[in-house]
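The sequence and the structure are shown first.

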Amino acid sequence: MSQKDKKESLSFEDFKSEVLEDYRIARISRECSLLGRREVLTGKAKFGIFGDGKEVPQLALAKAFKDGDFRSGYYRDQTFMMAIGALSVEQFFAGLFGHADLDFDPMSAGRQMGGHFATHSLDENGNWKKLTAQKNSSSDISPTAGQMPRLLGLAQASKYYREFNEADKDENFSVKGNEIAWGTIGNASTSEGLFFETINAAGVLQVPMVMSVWDDQYGISVHAKHQTTKENISEILKGFQRDENGNGYEIIRVMGWDYVALIEAYERAAKIAREEHVPVLIHVQELTQPQGHSTSGSHERYKSKERLEWETENDCILKMRNWIVDMNFATAEELDVLDKNLKKEVLEAKKNAWKAYVDPFKAEQTELVTLLNEIAQTSANKVFIEKYAQDLASIKEPIRKDIISVARKVLRMIVKEDGRLKLAQFIESYFNRFQSKYSSHLYSQSDLKAAYVEEVLPVYDENSEEVDARVVLRDNFEAIFAKNNKVLIFGEDSGTIGDVNQGLEGLQERFGSSRVADVGIREATILGQGIGMAMRGLRPIAEIQYLDYLLYAIQIMSDDLATVQYRTSGRQKAPLIVRTRGHRLEGIWHSGSPMGMIINAIRGIHVLVPRDMTKAAGFYNTLLESDEPALVIECLNGYRLKEKLPTNLGDFRTPIGVVETLREGKDITVVSYGSTLRIVEQAAKELLEVGIDIEVIDVQSLLPFDVKHDIVKSLAKTNRLLVVDEDVPGGASAYILQEILEVQNGYKHLDSSPQTLAAKAHRPSYGTDGDYFSKPSTEDVFEKIYSIMNEVNPVQYPSLY
C-alpha cells in the first residue's frame, strides 16, 4: 500500500497517530544518542557510536520489515531496532554500559560495544525459536562491511526455501521463501571490497536482498570525494540496474529527510524483493551526523562551517517535525511539550539502566569490604588490609575489576595466616560466579554440541572394494544429500564437474544445481552464503577450493562465524561446515599449511585435519549431527590413494577432539596430522631397521585438541616427544606443544627435550624438489628422531654427521 493509499484507507486520526508515534520513536532515539555521548564523556561508558541523523529512514525501513525477515546491519541502526520493538531505552543504555547480563542487554550481554544489535534466534537451551513468528536481526560486527557476506546468505536462504518447501514443512525458518534480508551500511564502507563482492554476488544469484546505504558524505573524518568515484555509490552502480537485457538490481534513490518518499521507497523495494526475488539498492542521500562519527572525536575539526550549518538545517528529524506542523498533525508548541517529556523519559530510563548495572557491583563490594575487615582483626597486616578495605569502600561506582583485584592483592599479604582460606574461597567463588559472564559460549553449550556425538566406526564386509579415496567422499556425500534436504554444498567447480578432485562427481545431476552449486571466484561471500543460510536453519557446506585461498575469507571466519555464539551469549548460531583441501601439492599457492594462523584466528570454529577421506567423511557425518561450525581440511594428495568403501555411508562418524594411535612404540612419541603422517609412518619403518621403535599419533582434530589427554598417556610410556608439522616453525607445532606440555602436563614424563620438526619458514618452492627442500621429508623425520636417540644413547646410535 502506498503512502497515498494508506492516507485514503486510514482515518485522519489514525494516520496522524501513526506519524506522531514515528516521531516519538525518532525523538527517543535522538535523545539516547545525545545522552549516550555524555555518558561516555563523563566516564560511565567506554565508547559510543550512535545512530543520530539516520532516524527517519530507519522508521521507513521498519514499516516494510515483516515477521521472518532478517537484518544484517551496522552499528547505527538503533532507531530501526526501537521501531520493530526489539530495543528499549533501558536496553540501549545497558549495552552502552556493558551490562554482562542478557536480561538487561539482550543484544550481547555486554560483550560488544553499544550499537551492535541482535535478536534471539535460540532459546536458553540453544534450540531454534520459530523465526517466522518474529522480526530477526543477525548479530552485528564492528569491521566495516563485515555484515555484507552474511547478508547474502540470509537472502539466499529465502531463495532456497522457495524452491524446496519441504525443507521446512513447519515453517519455522521460512514461509515459502517470502522473507527479505535487509542490509544497512554507511556510504564510506561501500568502499570495502566485501561490499562490492556481495553486491555482485547478489545480482548474480537474484536473491531477495534490500541494501540501504546511509549517505552522510563522510566516513569518520574522510569526505566522500576520497571514498567513492563520483562521490556517489548509486551513480557508479548504475550498470547493475536491471533492464530488458538482463537481470540485475532495482536501484532507488531517496532523500533521507523526506518521510513520505522514504516510506514509499521502502514499500516499493519490499514488494520487488519479496515477490520477485530481485535485489534492491536504496541509496539514502543527504543524511547528517549531528554528533560526528563517535565519541572518539569532534566533527567540528573536519567539517566546514557551511557544512555544519547545512546539517543543522537538513536534520531529518527537524524536517519531519516541520512536515508534521505543515500537515496540521501537531503544532510546534505541542511538539515542544512532547520533546521535553521524551527527554525526561530517556533520562529516567538511563538512570534505571545505570542503577541496574552498578547495584550488583555495590553488593559485591560490600561483601568483600566486610570480609576484609573481618580478616584484618587477626592479621599482622591489619593496617594495610583495613586501608585496602577503606579504599575499596570509597569507590562510589565500582566495577568487578576493582573488587577482585583488591581481593587478590590482599591474599598475597596473608598467605601464611588463618584468614587466607576464607579469602581464597571468596576469590574462587567470585570467578566461578562471574567468569562465565565474559567467557561462555565460545562453542555450543547445547545438547547438540559436537563433542557429544558418539563415534560410529566404518563398517566393511567381504564385498567392500578398494576404491579411489575420493569415491568414499563422493558416495558419503550422496548418502547425506539423500537423507537431509537441508544440506547443500557450493563452491568454485563444485557443481558441473563435481569439484576439482571429483569428490562431488555426478551429485549436481542427481540433486540439482541449487543443492550442488557452482559459484564465482569470491571466497569471502562463499563464507557469507554459508553463515547466513546456517543462521536460518539450513545445513550448508561452503567449499573453498584450496586452503591457501582461505585467506580471502579468514576475516569473515574470524570476526563473524567464529564469534556468533560468543557475541550473542548463546542466542544465535551458524553451524556452517567449511570444506577445503590443503597440504602438499606444488608451489607457493597450492601447498600451504598455515595452520598456526588459522587455529589462532578462528577460535570458536572446530578445525579438523583428517588423514584420509574416510576420516573426512566421518567428520562431515558427525558435524551434521551437531550445531557447531567447523573447518574440514582434506589432504590434497590423498584423493587417488586407495581406501576401502564402507557399507554404512552417511552413518559412520569420526569423533571430534579425539586422537588416534596409528602405531605403538616404546622409544619416542611422534605426533602429527594430515598428509605428513604418511611420511612419519614411512620413517617409522626405516627407523625400526636401526632398532628405534616410535609411537605414531594422529591428532585428527586441532580445535578441540585431544580432549581425552591420550597423548600424555603415550609420553608416560615413551618419555620423549617429537611434533612433526608442515606449517612454519612456531606455527601449529607450537600450539600442539603448549597443549601437550602445559594443558596435559606432559613435561612431567619427559627424559629428553621436547622437539618439533616443521617446514622451512618460507612458502614451498615449485615442483617435487621444491617440496622436498621446503617441507619435512622422510629423511628429515628419520634423522630428527635418530638425533634424539643419539643424545640418549650415543654408543648405540652414533652421530650421522
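Ile-541 has Ile-577 of strand S13 as its bridge partner. The two strands concerned, S12 (residues 539-543) and S13 (residues 577-582), pair in the parallel sense over 3 bridges. Strands count as paired if DSSP finds at least two bridges between them; helices (H or I, at least four residues) and strands (E, at least two) are DSSP runs, numbered from the N terminus. The model is a predicted one, in which local features need pLDDT of at least 70 and side-chain atom pairs count only at pLDDT 80 or more, while totals for chains, interfaces and linings use all residues. Residues are numbered from 1 along each chain as its sequence is written, and side-chain values use heavy atoms, with hydrogens and water left out.

S12 and S13 belong to an open sheet of 7 strands with mixed pairing, in the order S11-S10-S12-S13-S15-S14-S20. Its edges are strand S11 (516-518) and strand S20 (701-703), each of which pairs on one side only. On average, neighbouring strands of this sheet are turned by 20 degrees against each other, direction ignored. Helix H22 (residues 613-623) lies across S12, S13, strand S14 (606-608) and strand S15 (630-635), and runs at about 165 degrees to S15. Contact here means heavy atoms within 4.5 Å; axes are lines fitted to C-alpha atoms, for helices over the stretch in contact, and angles run from 0 to 180 degrees between N-to-C directions.

## The annotated domain

The UniProt record, an unreviewed entry, places the feature "domain: Transketolase-like pyrimidine-binding" at residues 467-641. Over residues 467-641 the chain is 34% helix and 17% strand, with the end C-alpha atoms 8 Å apart. UniProt positions follow the numbering used here, feature names are shortened, and annotations may be inferred rather than shown by experiment.

## The six-stranded sheet

An open sheet of 6 strands, with parallel pairing, has the order S2-S1-S3-S4-S8-S7. Strand S2 (136-137) and strand S7 (250-255) each have a single partner strand, so one side of each is left without a neighbour in the sheet. Within this sheet, strand S4 (residues 209-214) and strand S8 (residues 280-285) pair in the parallel sense over 5 bridges, and Val-210 has Val-280 in S8 as its bridge partner.

Helix H3 (residues 55-64) lies across strand S3 (181-186), S4 and S8, at about 170 degrees to S4. Helix H6 (residues 147-163) lies across strand S1 (70-72), S3 and S4, at about 165 degrees to S3.

## Aromatic contacts

The structure holds 30 aromatic pairs. Rings of Phe, Tyr and Trp (its six-membered ring) pair if their centres lie within 6.5 Å; planes under 30 degrees apart count as stacked, over 60 as edge-to-face and the rest as tilted. Tyr-259 and Trp-323 form a tilted pair, 5.2 Å centre to centre with 45 degrees between the planes. This pair links distant parts of the chain, as Tyr-259 lies in helix H9 (residues 259-276) and Trp-323 in helix H11 (residues 316-326), 64 residues apart. Phe-782 and Tyr-786 form a stacked pair, 6.1 Å centre to centre with 10 degrees between the planes. Both lie in helix H27 (residues 778-792), 4 residues apart, about one turn of the helix.

One aromatic cluster is formed by Phe-50, Phe-92, Phe-93, Phe-97, Trp-354, Tyr-357 and Phe-361.
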